[in-house]
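Work through the following exercises with the sequence and the model beside you, and try each task before reading its solution.

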Amino acid sequence: MLRWILGGREAPGSVEKGSLLCIGEEQPKNWFTELQVLKGHFDIVRFLVQIDDFRCASAGDDGLVLVWSVETGERLQELRGHSQQITAMTTFTCNKGGASHTSLITASSDRSLSLWELDTGNRVQTISDLQSSVKCLLVLERLCVWVSGAEELCVWNEDFQLQCQSRNHSDTGITALIELPKNCIAAAVDKEIVIFRLTVSTDSSMSVAEVRRLSDHRDRIRALINVNDGLFASGSHAGELILWDAIDWNIHGYEHILWEESQAGAQPEIRLASPKPSEMSIQHLTTNGRHILAAVGSGLYVYSVLTKTVVAYRKVAHDSNVLHTMLASDSQLMSCSEDGSLRMWEIQELPLPGEPASSGFFGMWSFGRSNKATGVAPKKAPEAAGIRTLELTGDLIGHSGAVQMFVSFGENGLVTCSTDHLLILWKNGERQSGLRSRALFQKLEESGGL
């Protein structure tokens, strides 16, 4: 694995496209062999939003929102208007009269909300002097409204007009929002999940009311996601993963991701000492409807929705806390971390008792905290039954700071953002080479050179 040391940054706005660098062919299952550095921000970049198959938007602590082409790495728009850091961002698509139009909504610490026209870069709506900074946004496309979460929950229409709002929710405020069936919304408020119901009257006026509080977590809720049409999940700072019924809001499954001494030996990096709070905290959750991938401290845990158990894990997957994850399939996943890396993983069976664990190609490199023995200690079969491990298959290192998150564009590549103020566009080098060759031959044919 090659570590690219990115040089000093240039002044904001001076460079829109970076040069291409080859990673090499030492990771056979890693097809991200070409990268392009995207410069434009001058502070931490925390958010990425996919606009369509070929565009994404980035935002962070500099208050800027930049729109990029994933195909070329070109900066398409620069959205200026916020005076402080961006705290939330989402696309907003409203279908009216058979036509659909996508805009961008941003929230900032300057206690304002903005609606942006993506094709022109114009700010077409703004709301300022809010009571508190908005921490999360949720779009309800079916009703053509959107919801902001701060110390209060507010419902807005496409014209940025307030439709209804709830009362204040403690100093912590609302940190996450998801949509539930029957016009309901789940909001994470400190240790609780508050369920709201949105009612639409015959005259099209709206009202919102709190209908239930779920107080089963013992610590602050860090992640809240929809799993499928009938389930949602939440993860807490204490390592609690709870699976909820989306209709009646009862607990469907519970897992406290804290390995006890009786489970030692499954992987060499498991420590028997009491874990620190940061090692237990669930930073991020993602799902494909069948499995839930939880980022817990510096580790990764795959939870089966069907069996309601952890089916695969790696206690130490990164050198520092994992910040964002993705399930590419039932057997392949990705994660990024405060250590500056983006890693690819494959779910594999654990070795038989007494059989040494295969370190693969990465055995020659020291990553994570794998300075302990590589062999797996003998373990009784009943203890190991059903539990699998995560094998590292790719290590993408290009950032010099913590990788905050990433967005996948399928065969068009992957975009990461970081505390180093940069974005990196990772691409399939073989595919890109083929595309460039075809473009060259087409130009030669058009000019009569062939």
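**Exercise 1: A strand and its sheet**

Since 9 of the 10 residues of strand 30 are buried (under 20% relative accessible area, with over 50% called exposed and the range in between partly exposed, for a 1.4 Å probe and protein chains only), this strand is largely enclosed by the rest of the structure. Keep in mind that this is a predicted model, in which local features need pLDDT of at least 70 and side-chain atom pairs count only at pLDDT 80 or more, while totals for chains, interfaces and linings use all residues. Residues are numbered from 1 along each chain as its sequence is written, and side-chain values use heavy atoms, with hydrogens and water left out.

Task: find which strands are joined to strand 30 by bridges, and describe the sheet.

Solution. Begin with the terms: strands are DSSP runs of E with at least two residues, numbered from the N terminus, and two strands pair if DSSP finds at least two bridges between them.

Step 1. Strand 26 (residues 309-314) runs parallel to strand 30 (residues 388-397), and 2 bridges join them. Here Ala312 stands opposite Arg388, and Tyr313 stands opposite Thr389.

**Exercise 2: The surroundings of a cysteine**

Task: decide whether Cys154 is buried or exposed, and list the residues with which Cys154 is in contact beyond its neighbours within four places in sequence.

Solution. Step 1. Locate the residue: Cys154 is found in strand 13 (residues 153-157).

Step 2. The relative accessible area of Cys154 is 7%, so the residue is buried.

Step 3. With contact taken as heavy atoms within 4.5 Å, and with neighbours within four places in sequence left aside, Cys154 touches Trp146, Val147, Ser148, Leu162, Cys164 and Gln165.

Step 4. Finally, compare sequence with space: Cys154 and Ser166 are 12 residues apart along the chain, and their C-alpha atoms are separated by 6.6 Å.

**Exercise 3: Salt bridges**

Task: state how many salt bridges the whole structure holds, and examine some of them with regard to accessibility and position.

Solution. Side chains of opposite charge can pair when their charged atoms come close. The criterion used here is a side-chain nitrogen of Lys or Arg within 4 Å of a carboxyl oxygen of Asp or Glu.

Step 1. The search of the whole structure finds 11 salt bridges.

Step 2. Arg75 forms one with Glu78, the closest N and O atoms being 3.0 Å apart. Arg75 counts as buried at 7% relative accessibility, whereas Glu78 counts as partly exposed at 28%.

Step 3. Glu192 and Arg213 form another, with the closest N and O atoms 2.5 Å apart. This pair links distant parts of the chain, since Glu192 lies in strand 17 (residues 192-200) and Arg213 in strand 18 (residues 206-214), 21 residues apart.

Step 4. Asp330 and Arg290 meet in a salt bridge of 3.1 Å, N to O. Asp330 lies in the loop between strand 27 and strand 28 (332-337), and Arg290 in the loop between strand 23 and strand 24 (291-296), so the pair ties together parts that are 40 residues apart in sequence.

Step 5. Asp52, Arg55 and Asp119 are linked in a network of salt bridges.

Definitions and conventions. Helices (H or I, at least four residues) and strands (E, at least two) are DSSP runs, numbered from the N terminus.
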